[in-house]
Protein chains: 2
Amino acid sequence: MPKLNAVLETALYVDDLTRARAFYEGDLGLPVLFENPRMCAFDVGGRSVLLIFLRGGSAQDMPTPGGTIPGHDGKGPIHMGFAIRLEELAAWEERLRERNIPITSKVTWSRGGTSLYFHDPDGHVLELATPGLWAIY
Amino acid sequence: MPKLNAVLETALYVDDLTRARAFYEGDLGLPVLFENPRMCAFDVGGRSVLLIFLRGGSAQDMPTPGGTIPGHDGKGPIHMGFAIRLEELAAWEERLRERNIPITSKVTWSRGGTSLYFHDPDGHVLELATPGLWAIY
């Protein structure tokens, strides 16, 4: 049986790509890997790719020289979480305060680990999680 | 400036949790980390957590002993991608065929790397990608 080694790409769908880029690059500090008028890809720690799509912009199948990318799209305030070091939890709380991003809640987990929850400009529910939360993290 | 180290959690929203679990655990081979009647969490290669939520089941804020998890929910066939080894690409094509999961398309990228695209039972657009596709992968 072949293996899935990691989640490589995680997608969010937004109403305003410029606003989303300002948030993910400017506020959260993610380097941009690639962009075009319908999407922006961010490097998350050299390990994961966060894809931000303009809502409706990727709904149709897209032919490329190497093959067709199937259409996809999404609605609703979805959830995703980033891994952070415990040693940087306080710095992240400070960073979010500085950037006027309200922390919706702070959760301590029964297994261990702490999560900060906040919203992106499209209402997506973001989490910054320190290790301990999952058996594999 | 503190760092985001990786995407830890990626969420999909589904209409039938039992059907989704059969697909992600049975067809794709992901071990279950946690489950309850409204969600199921999968271990992806010991590096990422894939969260499958019953649509509507996480829409309300959820109090826990350690703090409140903000509500979230999603619609639409969204996209996510898994990392696979190039050496296992052919085995994945064979595995999908065996499980009667049609491969929607196969894309070779200008940077390098190959992606297989297929759909989960809720129409989400899944990708299995070999290295080369991104500057960081």
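Modeller: Copies are superposed by least squares on the C-alpha atoms of residues with pLDDT of at least 70 in both. This is a predicted model, where local features need pLDDT of at least 70, side-chain atom pairs count only at pLDDT 80 or more, and totals for chains, interfaces and linings use all residues. Residues are numbered from 1 along each chain as its sequence is written, and chains are lettered from A and ligands numbered from 1 in the order in which they are written.

Biologist: OK, what rotation superposes chain B on chain A?

Modeller: One of 180°, with 0.0 Å of shift along its axis and an RMSD of 0.0 Å. The two copies are thus related as by a two-fold rotation axis.

Biologist: Which residue of chain B comes closest to that axis?

Modeller: K75(B), whose C-alpha is at 2.5 Å.

Biologist: And how many residues are in contact?

Modeller: 62 of chain B with 62 of chain A, where contact means C-beta atoms, placed from the backbone, within 7 Å. Both copies use the same surface, as 100% of the contact residues of chain B recur in chain A.

Biologist: Which element gives the largest share on chain B's side?

Modeller: β1(B), with 6 residues. Strands here are DSSP runs (E, at least two residues; helices are H or I, at least four), numbered from the N terminus.

Biologist: What does β1(B) pair with over 4 bridges?

Modeller: Strand β7 of chain A, residues 79-83, in the antiparallel sense. Pairing takes at least two DSSP bridges between two strands. In that strand pair, A83(A) is opposite A6(B).

Terms used:
Contact = placed C-beta atoms within 7 Å.
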